Amino acid sequence: MSTSTSTPAAPARARRSDGPRLNFGRVLRSEWIKVTTVPSTLILLASTLVVMVGLAALFAWSLQTGQAQLDSGGPPPQMGPPGEPLPDFGDLARGAPSSGIIFGQLLIASLAVVLIASEWATGMIRSTMVAVPKRVPALLAKNVIAAAVSFLIGAAAALLSYLVAQPILAVEDLAFALSDDNIVASILNTGTYLALIAVISMGIGTLLRNTAGGVVTAVGLFFVLPVIVVNLISGLADWIPDAARFLPTNAGERLVAVTAEEGALTQLEGGLVMAAWAVVLLVASLLVTRRRDV
Amino acid sequence: MIEAQGLFKRYGDKTAVNGISFTVHPGRVTGFLGPNGAGKSTTMRMIVGLDTPSAGSVSVNGRRYAEHRAPLREVGALLEAKAFHTKRSAYNHLRAMAATHGIPNSRVNEVIEMTGLGPVAKKRVGGFSMGMGQRLGIAVAMLGDPQTVILDEPVNGLDPEGVQWIRHLARGLAAEGRTVFLSSHLMSEMAMTADHLIVIGRGRIIADAPVSEILAGRGQLRTRVRTDRPSDLLAALRGDGTTSTFLEPDLLEITGPDPRRIAEAALRQQVLVYELTPLQASLEEAYMELTASEVEYSSHDLSLGPPAQGVSEGSRS
């Protein structure tokens, strides 16, 4: 590089001991700057919003056509596992705000893993840990930012999903009001769900320090494990389906559900189980990071 | 002021730093010199808490680095280049670092100006050359206007202009009374910049002294002499701890007496001398001598066909 460089020494300013120093609020601000200054993060967040709202529109549309089919006396549409009684479409419709979660969580999980693992991949982590040598505040701040952003994206997507779904559902008279039971809670909890997904994923990413490994592990925990448990091994022992309720995404499903179900966790229980996963992984990642060489 | 006491670092069964103690004083440039793999970077990483010592401790201005309330204002460190997210711009990297300590954006602009990063500040760090990466690392180190500055191999990848700039920077900071600790594996670089040297090899400190002392203590006076009658000249110089080597039939290297005494002896013996060159012990030679048995990776004579990446077992003895 052949740029000209000015005089070497920093301006000899008066040294004061009460100058700027490290505190958690400032670390939060630093992590916020980091999130907003890498283009891929912003793209991933925007995609999450678009995909979730798009899925909700598709969901509403499929309910609308199903109801139309039923009204015209055609064969009942296939809306779930074969052999089970057809659920009430009016109830199903209330799931529209949170219907984008299934893909939204995939994107949020990837984002959370990337946010932390990319620091190790690029060497950024050394700058971070030199600036915040106690380490725990840096990692906590990153979790707070990831959770807050995921909450906002989730809740905003759920609200938009609600709004987009209404005119589609209204065609078949399936529309419902925001003031109906549990609708606002479901919208907010869609945000909570994604926030917890973010913390769980960031914990995984911190422990593994590897983007690809972290994403695969998170996807395995959120998608693959429930499928394996339900479809392949649930018949092996009675306790397996019981225990499966405590997998993070299965518990989270109850957190955003509008109606209670027999034998399933309640909304609060679902939320607490998911939060327990998040807390365990967060604490583990903090302890390990504090002791590990960077 | 950096104080290390009995600092140890083991990775598995390999000892990177083997119980070293040293003090780096303010107001001068202290060079940290040693071959690759000697433990320089590990020591510097322990100073700022990236690595935890296996035993011993190191403090900066009386406290462990992590215990300071404003670490970036206490110590500015450039450790192995490229500790940056490749997709972020240099400006934003500096902003994020500054934000942790509430350092204002005006200071970010100052260090960008100071390191000459202006034209590339808004570009992604991923596209930076090694030299620009070094400049950004130094910009980060200077953000907090710190009292202590640690630079690990700062001249790596810099062009000559950049190398000179680093020299001025280090000397300027020391002149302001700051503590400057600078590592390199290049003796020549240290000769230009440092006032004091800590030489490390295989995780141990080999020397800890002012540069002038290291130079003076090494290598006696040597003189290269070309003459038609070397044996007659040597006979006249016999005694007084004179030793000599024949480089060519008519070319001698004489250790011991100074050139004037050699010339006087030649005059007495009527021996024609047509070259008389005083040889100075260079810092480079002193360094080679100091570290000869301490190099981790020594090169082999390729004609012997040893393993390509030979860790020299021979040099461990």
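Across the interface of chain B and chain A, 15 residue pairs are in polar contact, both residues at pLDDT 80 or more. A polar contact is a pair of N or O atoms within 3.5 Å; within protein, one must be able to donate a hydrogen and the other to accept it, and residues adjacent in sequence count only if both atoms are side-chain atoms. This is a predicted model: local features need pLDDT of at least 70, side-chain atom pairs count only at pLDDT 80 or more, and totals for chains, interfaces and linings use all residues. Residues are numbered from 1 along each chain as its sequence is written, chains are lettered from A in the order in which they are written, and side-chain values use heavy atoms, without hydrogens and water.

The interface also holds two salt bridges (a side-chain nitrogen of Lys or Arg within 4 Å of a carboxyl oxygen of Asp or Glu). One of them joins Lys134(A) to Glu67(B), at 3.7 Å from N to O.

Contact means heavy atoms within 4.5 Å. Buried area is the accessible area (1.4 Å probe) that two parts lose on being put together, summed over both.

| Interface item | Value |
|---|---|
| Residues from chain B | 56 residues |
| Residues from chain A | 46 residues |
| Buried area, chain B and chain A | about 4,400 Å² |
| Share on carbon and sulfur atoms | 53% |

In chain B, Leu50(B), Arg88(B) and Thr100(B) lose the most area to chain A, together 14% of what that side buries.
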